[in-house]
2 protein chains.
Amino acid sequence: MYIKNPNQIEHKSFDIIEAGMKEHNFNEQELSIVKRTIHTTGDFDYENIVIFKNNAVLEGINAIKPGCRIVTDTKMAFSGINKIALQKAGCTIDNYIDNEEVRKIAQELGITRSMAAIDMAASKGVDIFVIGNAPTALFRIGELLEEGKISPKLIIGVPVGFVGAAESKEYARTFNMPTITTEGTKGGSNVAAAIVNALLYMAVGR
Amino acid sequence: MYIKNPNQIEHKSFDIIEAGMKEHNFNEQELSIVKRTIHTTGDFDYENIVIFKNNAVLEGINAIKPGCRIVTDTKMAFSGINKIALQKAGCTIDNYIDNEEVRKIAQELGITRSMAAIDMAASKGVDIFVIGNAPTALFRIGELLEEGKISPKLIIGVPVGFVGAAESKEYARTFNMPTITTEGTKGGSNVAAAIVNALLYMAVGR
């Protein structure tokens, strides 16, 4: 015998997460996001490593409410984001990693496709960047910010891994704008998508 | 300055992972898989929790080599699997979670869409099940195995979470067939996709 009702499963899951968390200083909306990152990884360590800067959660919700343009670095983050909630919010979502021109530019310039994809996204305007995998994407966003070429409302930067990921997120936390990042090596496209979904649910419900 | 060459990034990353791992008893092919799960999560704990049963890695590679049919429980796992390697191997991949009939059946029977999707997949034959998210999918696979209704060659079962996930994987480890699972709450669609990719790379290269 096992629980087969999806709502019941999710409720029970969040009860267990809440009960398992330590004391913390998150506000209610931040807590919603942290709990969803724990939910998506099975890893309580996220309560220690998720970092909000410059009123990131409220700014994210405010960006989503009137409808906004979201860009992800990976197809996995793209596909993990709840499309029904997205539609309800009137938000659009794009990902350029498989774009033929991006592929060509990356090869020509000897840069990652993630970087070339950010350049292409930036040229069309982006409200929320969602970076779950590529440190190089986050570094590129920083360069474009410094050059004044983009003005997103929120950056979700949770690249995973051992080469540049921690550094890229440390760098992102210096941006003078709302960011949601993780400390250290952990993160990923699933974590990125979970953060977006938590914001969507707070902005427009389920 | 940061490394912008994707191959260089991946090589350096795997060197760091190898250097950071403890002593272990994995054979070379199992190690390949464990390293990729660490790579995709940034979490060295995977060296402690990935469990191979009944010669799972070799059986998986042997299933892939002549081409096989793979089914995932989520779109995220689906989208995280390397399509170029998949094509090279002559494998197909499907996911039924958004299928209209699956949605209808789930509602009518009061079961999860994941379970209904497994039923639909099973009716068409499956060589490798890839379950990254839904404990109920893994429980259903067990039921179908017990009923003699399916005969997959490998089950990758790494549901994440706090309600049934650990139990579903413990159950899967009792199946008298090749399985790759994780112990405890950790796992996820990204982990599932990473395991499939590691198998694909060993079977047909990059």
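**Close-up views of a predicted two-chain model**

In chain A, the end C-alpha atoms of residues 8–202 lie 19 Å apart, and this span is 55% helix and 12% strand. Helices (H or I, at least four residues) and strands (E, at least two) are DSSP runs, numbered from the N terminus. The model is predicted: local features need pLDDT of at least 70, side-chain atom pairs count only at pLDDT 80 or more, and totals for chains, interfaces and linings use all residues. Residues are numbered from 1 along each chain as its sequence is written, chains are lettered from A and ligands numbered from 1 in the order in which they are written, and side-chain values use heavy atoms, without hydrogens and water.

**View 1. The open sheet of chain B has six strands.** Their order is β1-β6-β5-β4-β2-β3, with mixed pairing; two strands pair if DSSP finds at least two bridges between them. Because β1 (50–53) and β3 (92–94) of chain B stand at the edges with a single partner strand each, one side of each is left without a neighbour in the sheet. From one strand to the next, the twist averages 15 degrees.

**View 2. Strands β5 (residues 154–157) and β6 (residues 179–182) of chain B pair in the parallel sense.** Three bridges join them, and B:Ile155 has B:Thr179 in β6(B) as its bridge partner. Helix α11 (residues 189–204) of chain B lies across β2 (69–72), β4 (128–131), β5 and β6 of chain B, running at about 145 degrees to β5(B). Axes are lines fitted to C-alpha atoms, for helices over the stretch in contact (heavy atoms within 4.5 Å); angles run from 0 to 180 degrees between N-to-C directions.

**View 3. A:Asn55 has a positive phi, near 60 degrees, although it is not a glycine.** A:Asn55 is placed in the loop between β1 (50–53) and α4 (56–64) of chain A. In chain B, B:Asn55 likewise has a positive phi of about 60 degrees, and lies in the loop between β1 and α4 (56–64) of that chain. Most residues other than glycine have a negative phi.

**View 4. At the interface, 37 residues of chain B contact 37 residues of chain A.** The two chains bury about 3000 Å² between them, 70% of it on carbon and sulfur atoms; buried area is the accessible area (1.4 Å probe) lost on putting two parts together, summed over both. In chain B, B:Tyr2, B:Met76 and B:Phe162 lose the most area to chain A, together 26% of what that side buries.

**View 5. B:Asp43 and A:Lys186 meet through their side chains in a salt bridge (3.9 Å, N to O).** The count between the chains is two salt bridges, each a side-chain nitrogen of Lys or Arg within 4 Å of a carboxyl oxygen of Asp or Glu.
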